[in-house]
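Please open the structure in a viewer and keep the selection panel at hand.

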Amino acid sequence: MSILRVENLHKTFGEKTLFDHLSFTIEEKERIGLIGVNGTGKSTLLKVLAGLEGAEEVNLFHSNDFFVTYLPQQPELTEDRTILEQIYYGESIIMRAMRAYEQALIDLERQPESEQVQNRFMTAQQKMDQESAWEANTTAKTILSKLGIRDVSQKIGALSGGQKKRVAIAEALIRPADLLLLDEPTNHLDHETVEWLEGYLANYKGALIIITHDRYFLNRVTNQMYELDQGKLFQYEGNFETYLQKRAEREEMEQVAESKRQNLLRRELEWLRRGAKARTTKQKARVQRAEGLRDEAGLSKKQDLDFSIGSDRLGNDVIELKQVGKSYKDRVLFREVDYLVVPHQRLGIIGSNGTGKTTLLNIMAGRIAADTGEVSRGSTVKIGYYTQDDQEIDGELKVIEYIKEVAEVVYTADGQTVTAEQMLERFLFPRSMQWTYIRRLSGGEKRRLYLLKVLMGEPNVLFLDEPTNDLDIQTLSVLEDYIDQFPGVVITVSHDRYFLDKVVDHLLYLNGDGNVQRFQGDYSEFLKQKQEQEAIQTTVASEVNSKGKVKSQQSRRLTYKEKQDWESIEGKMEDLEQKITEVEQAIEAAGSDYTEIEKRLNEKQELESELEAAMDRWTELSELVEGLKE
């Protein structure tokens, strides 16, 4: 069943056509991955669907109660709100109920003896019961916990950029929506959080449209792919892997069709050149057909990025760290780091947010000083540094002026001379666009331009700080190919699993306690080893602490909510078991009505999940109660 039908969407940006009369339909529970080269209008399309941006022409058809939630790439949050106010913002009854309950819970923890606070808490609980909001509240708490949001009383203005992004993700996921629009949701998230988000979105009740550079994420979450290309929208059924196969087939068919058109055109033009007389109706029709073929637009020339830029010779001495340490305020980021970077190395620096990855990269590049230790760089080292931010891009310069600051001519790996104008064309900046002010470019186009400037410096040591955050998949694919052929050293900070697997063969892992762990291999191999070690540690810890678990819980009383849950949990489990039995009977009675059977099987699966969660809660509460008895 469709939830949104889009017809005749047409939008331009200056002389550029972003959407050339597009029409498409979004079905219930579809997981759509939206891809395309930077500047093709991916983010703009989401804004149009969210009602935040208009178009010259568009017709949107949906139900009256249709609701869209949109997470932009750079969320704009209200600085003077608390996290609680931001996340539970909204005027729906259930959102107001959850907001009032969470605030009352905070007040109760601060003033447990206040009768007024207790009464307000009781009223909030009753409202939660009335609106059946407990399940939504449990989901919200899970989301906040998985995103690392603990203190919801903090002001938004006091948070870091990464923390704000997590708050924005939580806000988007908590709000019930028919269509959830996510623009680069995995930016700045560590592996564990991305993995959790994959699982959560796979079971999301509404439909999704996701823009992301994370190809593993696309492959695991989506069941439809939309590709924007030169104003057109191409749709593919399946995930990212299937899309790659079907796109190759489509382009091959287009090439065959274009080859046939060109052959026919040549024959018809030759016939015209021989001086055919248009004396009969048949001959007139052939003349018209020849002229039509001549005037018909052929297959657009496929534009590809080309990174074949040379680099200066690199000697044997590259970079060496000796006993390097760095602290931030009272926290040790890393200590006593010894590492020798050798020629041709592909090194990845990984770790959770805030562990000092970019700081270590900056120390290696000589941009900041270490607190302790020594860093030496070889005399032939020429560093090209691609940073996370746009601070090095002056929006008042024109595109061609910005590039010519580095060089007006560069040399390719095979010794050919390429002008700045030609290099820009290879990077999908046509001549008509080269005199545009940089401030008029999209965010992704600015990042592509910045990458070109870094590479045009012909470095022999390439530093990449989160390069995948704002580059499109096509650019990333060619960057990976460039790195594969690059004769120098590459050192990158990234959370992108796919990019790391393709690019690096050594890793430095900053684990957050000041230590730096070395690993030889790619990122997936590292994660597998890390998970195996954590599983062993968890098993050992569980065996050691199993007896002490109940004792550790004796020191506190049950909360009001825990008491309520304990009194009702067995009845809830009995109700769920009865409902499962009724559904099983309905399945048997459905006979060969496969539509009804599928519906009932989905219902049974949801009930069994609820029952499993209730049983886990019963186990948890029973241990607490037994601990109190002792």
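**First stop: a hairpin**

Select Lys329, which takes a positive phi near 60° in the hairpin of β10 and β11, where 2 residues lie between the strands. Please bear in mind throughout that this is a predicted model.

β10 and β13 run antiparallel and are joined by 5 bridges. To locate one of these pairings, select Leu321, whose bridge partner in β13 is Val375.

**Second stop: an open sheet**

Now display the open sheet of 6 strands, whose order is β14-β17-β18-β12-β19-β20 and whose pairing is mixed. Which strands stand at the edges? They are β14 (383–386) and β20 (516–520); each has a single partner strand, so one side of each is left without a neighbour in the sheet. On average, neighbouring strands of this sheet are turned by 15° against each other, direction ignored.

Within the sheet, select residues 346–351 for β12 and residues 489–493 for β18: these strands run parallel and are joined by 4 bridges. Leu347 has Ile491 in β18 as its bridge partner.

Select residues 93–110 for helix α3 and residues 134–146 for helix α5. Their axes are 10 Å apart, and the helices pack at an angle of about 65°. The crossing of α3 past α5 is right-handed.

To view the contact, show the side chains of Ile94, Met98, Tyr101, Glu102 and Leu105 in α3, which meet Trp134, Ala136, Asn137 and Lys141 in α5. By class, this contact of α3 with α5 comprises 6 nonpolar, 1 polar and 2 charged residues.

**Last stop: a cavity**

How many cavities of 30 Å³ or more does a search of the whole structure find? The search finds 1. The largest cavity holds about 50 Å³ of space.

To find the largest cavity, select its lining: Thr186, Asn187, His188, Leu189, Val194, His213, Asp214, Glu466, Thr468, Asn469, His495 and Asp496. By class, the lining has 2 nonpolar, 7 polar and 3 charged residues.

Note on methods:
Residues numbered from 1 in each chain as written. Predicted model: local features only at pLDDT ≥ 70, side-chain atom pairs only at ≥ 80, totals over all residues. Heavy atoms only, no water. Axes fitted to C-alpha atoms, helices over the stretch in contact; angles between N-to-C directions. Left-handed = near helix turned anticlockwise from the far one by under 90°. Contact = heavy atoms within 4.5 Å. Nonpolar A, V, L, I, M, F, W, Y, C, P; charged D, E, K, R; others polar. Pairing = 2+ DSSP bridges. 1 Å grid on protein atoms, 1.4 Å probe; cavity = no way out; pocket = protein on both sides within 12 Å on 5 of 7 lines; lining within 4 Å. Points joined across faces, edges and corners; volume = space filled by probe spheres on them.
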